[in-house]
Amino acid sequence: METLTQTPHSRTRQRTLPLAVVAVAAATFSVVTTEMLPVGLLTSLASGLGVSDGTAGLTVTLPGVVAALAALLLPVAVRHADRRAVLCGLMLLLGAANLLSALAPNFAVLLGARIVVGLCIGGVWAVAASLAVRLVDAESVGRATAVIFSGIAVASVLGVPAGTFLGELTGWRWAFGAVAVLGFGVAALLRVVLPALPADEAVRLGAFGGLLRLPRLRVGLIAVALLVVGHFAAYTYVRPVLERVPDVGAGLISGLLLAYGVAGIVGNFLGGTFAARDPRRALLVISAGLGGVVLLMGTAGNSLVASVVLLVAWGLAYGGVSVSSQNWVMAAAPHAREAASALFAGVFNVAIALGALVGGRVADGVGVTSALWVGGGMAVVALGVVAVARQR
């Protein structure tokens, strides 16, 4: 591990580190906003391009598949490159892909742009997830990790609702144009405030097989896969579900998504604090809470009050998933931080893709409410996996 206080150069770096952590959080915010933007725009995007809601869900599924592959392969391809240069390049590419999305003349071109988005998502997470230990001293790693992962929740609070609102005012294309500008801006910020980050470890493909032989890491990856598949099977279609609640208009849906995101930020920092001490117990609580609220959401279709309460509780529970899982991964493989983070990001993004795909098939075949039952059931299975693993 680097010592940040031994040289004048290191002392200069240390003064820039708090802003560097925020800049990395801005990068995670950007990729998550881009990844989930179609959720808030699903109805208008589908009608604008002449496809069904389930087909439009491929704009979430396809980037997830590509991101999973990129999370594993990109760290290998750039194993000797400075991580600052890698992050800056990925953010520039993200901006370009979003610009292409905004200008897409048909659904096929949009999917092509989303493939590039998936490359950026996987690459950013594979690199960024393990950077906290290189940017702050040991006592601050837990807090810095929570800040970096807060980009996920803040994307739900600001990114997706703002994109949804902008899309309702001016059309979904302008929403993609806005996140294109965001990507270019974050690339510039990273270039200015991040210190040089030479490759800390040479990640090779063979390392992933060795990591998968660690029992504790396997349990954590299985649990997070179940939680994320379940969440996205349900959440990808939360807008159509909310549209069925009496007296819910487009403006109120944006407000509800905002409340969900605020709860997610709280859940991120609560989960990060809890998981820093006991990752297993944190995942037990999160799995139970997520399973319960998503299943109940499926029975609250005619109640505005119940839908609001459950959506906020959903945000609170899911907000802790990423940071708690990352703490589990780091504790299970402290000798291979970047490789373990790449594996974690790969599994996470496969789960996003599978969740959106499963939810889409269920939504098109049975109905959007049934996607909630599937999502809640997956979280309950995750609870059992974590609980039984401890007993064994």
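**Reading a helix pair and two residues**

Reply: In this predicted model, H11 and H16 are roughly antiparallel to each other. The general idea is that angles over 145 degrees count as roughly antiparallel. Here the axes of H11 (residues 215-235) and H16 (residues 321-332) cross at roughly 165 degrees and come within 9 Å.

Me: Is the crossing of H11 and H16 left-handed or right-handed?

Reply: The crossing of these two helices is left-handed. On the H11 side, the contact is made by residues including Leu-217, Leu-221, Val-224 and Val-228. From H16, Val-321, Trp-328 and Val-329 are among the residues that take part. By class, the residues of this contact divide into 11 nonpolar, two polar and one charged.

Me: Which residues touch the most other members of the largest nonpolar core?

Reply: That core has 127 residues, and Val-228 is one of those touching the most other members, along with Met-91, Trp-125, Leu-135, Leu-190, Trp-314 and Tyr-318. Setting aside neighbours within four places in sequence, Val-228 is in contact with Tyr-318, Val-321, Phe-348, Ala-351 and Ile-352.

Me: Is Trp-172 buried or exposed?

Reply: The cut-off for buried is under 20% relative accessible area. Trp-172 has 7% relative accessibility, so Trp-172 counts as buried. This residue lies in helix H9 (residues 172-193).

Me: What is Trp-172 in contact with, leaving aside its neighbours within four places in sequence?

Reply: Its contacts are Leu-41, Ser-44, Leu-45, Gly-48, Leu-49, Ser-101 and Gly-167. As for spacing, Gly-40 is 132 residues from Trp-172 along the chain, while their C-alpha atoms are separated by 9.5 Å.

Notes:
Residues are numbered from 1 along each chain as its sequence is written. This is a predicted model: local features need pLDDT of at least 70, side-chain atom pairs count only at pLDDT 80 or more; totals for chains, interfaces and linings use all residues. Side-chain values use heavy atoms; hydrogens and water are left out. Axes are lines fitted to C-alpha atoms, for helices over the stretch in contact, and angles run from 0 to 180 degrees between N-to-C directions. Helices (H or I, at least four residues) and strands (E, at least two) are DSSP runs, numbered from the N terminus. Angles under 35 degrees count as roughly parallel, over 145 as roughly antiparallel, 65 to 115 as roughly perpendicular and the rest as oblique. A crossing is left-handed if the near helix is turned anticlockwise from the far one by less than a right angle, and right-handed if clockwise. Contact means heavy atoms within 4.5 Å. Ala, Val, Leu, Ile, Met, Phe, Trp, Tyr, Cys and Pro count as nonpolar, Asp, Glu, Lys and Arg as charged, and the others, Gly among them, as polar. A nonpolar core is a set of buried Ala, Val, Leu, Ile, Met, Phe, Trp, Tyr and Cys residues joined through side-chain atoms within 4.5 Å. Buried means under 20% relative accessible area, exposed over 50%, partly exposed in between (1.4 Å probe, protein chains only).
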